[in-house]
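Keep the sequence and the structure in view.

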Amino acid sequence: MAETDHKGCMTVVEAGRKGGETVRNERGREFYKTIGRKGGATVKAERGRAFYVEIGKKGGDRVKATRGPNFYEEIGRKGGQKVKKLIEEGKRAAKEAAAKEAHAKEQSSEAPVQSAERADQ
């Protein structure tokens with residue numbers, strides 16, 4: 001049997017990846033966001049909101065069947081922990097900003113007193 005020359009051939013997956021990378025490099029990531037929004041708007045106009053409800057339910061049922069109901073508990077707990085952490089970081093940042101602002105006000109109110117003291121001397 002003669003060997004066939006596959007030099008320069010690529011699989012469909014390789015060709016798709018190469019094409020996608022070329023488009024990304026030429027047009028940027030924003031291009032994909034734009035065409036995704038356009039596609040979503042077209043589907044919504046053609047099929048309506050009920051279509052998204054239906055596919056969302058199918059997707060949720062599929063995840064439940066694949067990963068089990070405990071998966072939702074786990075990701076819910078992780079999400080809650082993340083939100084709690086973000087709230088704590090926000091409160092801490094707000095306290096630090098307030099402390100800096102108070103310190104700046106304190107410094108600015110002391111400056112005229114020091115100038116007045118020097119003038120008296």
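Q: What should I know about the model, and which elements make up the chain?
A: The model is predicted. The chain has four helices and zero strands. Read from the N terminus, the order is α-α-α-α.

Q: What span does helix 2 reach, and what span is expected?
A: The expected span is 1.5 Å times one less than the number of residues. Helix 2 has 19 residues, and 27 Å separate its first C-alpha from its last. That is close to the expected 27 Å.

Q: What follows just after helix 2?
A: Gly48 does, with a positive phi of about 85°.

Q: Which residues form the patch of positive charge on the surface?
A: Lys and Arg count as positive. Arg24, Arg29, Lys33 and Arg37 gather in this patch.

Q: Where does the largest share of the positive patch come from?
A: Helix 2, residues 29-47, supplies that share, with three residues. Lys33 is placed in helix 2.

Q: Why does Lys33 count as partly exposed?
A: Partly exposed lies between the buried limit of 20% and the exposed limit of 50%. Lys33 counts as partly exposed because its relative accessibility is 47%.

Conventions:
Residues are numbered from 1 along each chain as its sequence is written. This is a predicted model: local features need pLDDT of at least 70, side-chain atom pairs count only at pLDDT 80 or more; totals for chains, interfaces and linings use all residues. Side-chain values use heavy atoms; hydrogens and water are left out. Patches are made of residues with over 30% relative accessible area and no salt bridge: like charges are joined within 9 Å, nonpolar side chains (Val, Leu, Ile, Met, Phe, Trp, Tyr) within 5 Å. Accessible areas come from the Shrake-Rupley method with a 1.4 Å probe; for residues, only the protein chains shown count as cover. A salt bridge is a side-chain nitrogen of Lys or Arg within 4 Å of a carboxyl oxygen of Asp or Glu. The place of a charge is taken as NZ of Lys, CZ of Arg, CG of Asp or CD of Glu. Helices (H or I, at least four residues) and strands (E, at least two) are DSSP runs, numbered from the N terminus. Buried means under 20% relative accessible area, exposed over 50%, partly exposed in between (1.4 Å probe, protein chains only).
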